[in-house]
Structure formats: structure tokens, C-alpha cells
Amino acid sequence: MKPDTFKDKIVPVTTILLALVVIWYVAAILMNAPFQRDMDGRAGVTPTTLEFIGKTLAQPKPILPAPHQVAQNVYENTFMRSLSSNRSLVYHSWVTLSSTLLGFGFGMLLGILLAVLIVHNRAMDRSLMPWLVASQTIPILAIAPMIVIISYNVLTGDNAVAHLLNLDSDASRLVSKALISTYLSFFPVAVGMVKGLRSPEIMHLDLMRTYYASPMQTFWKLRVPASIPFLFTSMKVAIAASLVGAIVGELPTGAVAGIGSKLLAGSYYSQTIDIWAALVAGSLLAGILVAIVGVAAKIVDRAMGGRPA
């Protein structure tokens, strides 16, 4: 079978992207037109069709900003601002990325631990797995404020946990937001690892028993290598979910930095262009994180003797 060329991969994606941009422009014109028509009526102006379309795509606070308005905002707040500026998307992305990576690390450890317990203990499989599935049916927006507020008070209060960890206010706020990322990211890792640890065929397991391999040797030499592809696949889902959790965790805390804070500030002052620019920044950040996990998966696969596709 002939492998896909670069052209085969890029043309379909580019075509879909261009189609979405065209649809976006049409939707922006249609949604911004009533307000612009009202403004022209009050001013007693009768613009031509092209002038009217141009005005709908150049409103300072449009209902739906045009793609070029969002792109200009992203460019200015990424390359034209100081990295420490409150208007810099790089600064806000870094704040969100910090809690994303911390929560992703916690989620990976928790997911892998739960998967090992489920695979090696039938009672844990029957009792724990249904609760893991049920945990993901709870709306994250409903429990995020409770988790953030309770965890922050525990980490900063006068109790054994606070004295043991001895975190300052900023670190406690970071960990509190990271717990939301952990909540969203542990589940795909746990499910993927359970499937991966159970993926070895019966014939391979029987072969290990023939060699008188101990359960620990079977685990490290057979189950873990077989689970690596499943782990990296679930990590791609988990890292994106972790970013969503970090953004959601910033919403109930009144955060002054982070992509979530940009979304809140934009909604307070009807700065729809800023809102869409923050969404684009979050999407780009998620794409970069998923791509990094994909590159790491290829490196590990080749290190384990896998053949390139």
C-alpha cells in the first residue's frame, strides 16, 4: 500500500480549514448585520452593500468577530506585548499551562495506579471501575468551585496538611486549579492503561507461565510494554482534558491571570474579540501539547524496537 504523501495529508486539512473560515465570515456578517443596520439608521446613513459588509466585519464589539479581527488580536497580544503584561496571551497561556502540566502529572500517576489495581485485583475491578465511570458523569462546572475553594482552604489553613506541605498562597492556588485538571485527566489514562495491561494474548501469558515467570516479571516484561501504545493514546486525550480543567478551574476563583481569566474579563466587558482570541490561544496550546505527546510516543516506540509507519 502506497504511504500517504505530505500533499495527501495537508490538502484535506487545508480545504476544511478554508471552508470553516468562509462559513465564519458569512456567519459574522449575518450576526452583526442587525446591530450595524440599527447604527446606520440612527446615523441616517445608507451605505452600499460592500460598505455595509465592511462595517459588519469591523465593529469594535461585534456579536461574532471576524477571523481577521481575532487573528490581529492574537498577533498583537502575542508578539507586540511584553511577556509580563496582563494583556499578553503568552503570559496568560503560561499561567494556564503551569496548572495544566501539574494536573496532568497528578492525573497520570493516579490513572496508572488505579489501572494497576483494577487489573491485578478482581474485587477492585468490580467495585472501582463503575465508580470511575460514574465520576465522569458529574458536570465539571458544578463541582469545580467546591473543589477549588475547599482545596485552597485546606492548603492554606491551620491543619496537618497545610503544615506538612507548607505551600504559599500562589502555590496553593496553583495546586487547587490543578486538581480540576487531575479530575478530568485521570480517567482516560486509567481506562487506556486497563485496556493496555489486559492486551497481551493468552498465548503470551501462557508462555510466561511456561518460563516460570513471577507475576511481577510478567507485569514488567509483558504487560507494561504492551500497554505503552495505549498509554500514549490516552495521554493525548488526557493532556487536552487537563487544559480544559485548568481553564475551568480559573473561572470560579476570580483569577487575574490565565486563559480563564481572559475569558471572564472579556465576558464582563463584552470584549468578544478578546474572548475569541483567548479561545484561539487555548486551542493552539492544546494542539501543541497533543503534538508533543505524539512526538514522545514515536520516540518511545522506536526506542522499544517499533518500526516507523
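Trp276 is partly exposed, with a relative accessible area of 29%. Here, buried means under 20% relative accessible area, exposed means over 50%, and partly exposed lies in between (1.4 Å probe, protein chains only). The model is predicted: local features need pLDDT of at least 70, side-chain atom pairs count only at pLDDT 80 or more, and totals for chains, interfaces and linings use all residues. Residues are numbered from 1 along each chain as its sequence is written, and side-chain values use heavy atoms, with hydrogens and water left out.

Aromatic contacts were examined next. Rings of Phe, Tyr and Trp (its six-membered ring) pair if their centres lie within 6.5 Å; planes under 30 degrees apart count as stacked, over 60 as edge-to-face and the rest as tilted. Helices are DSSP runs (H or I, at least four residues), numbered from the N terminus. Trp24 is partly exposed at 22%.

Tyr75 and Phe79 also pair. Their ring centres lie 5.3 Å apart with planes at 40°, so the pair is tilted. The two residues are four apart in helix α3 (residues 67-79), separated by about one helical turn. Tyr75 is partly exposed at 46%. Phe79 is exposed, at 61%.

Helix α1 also contains Met31. Met31 is partly exposed, with a relative accessible area of 41%.
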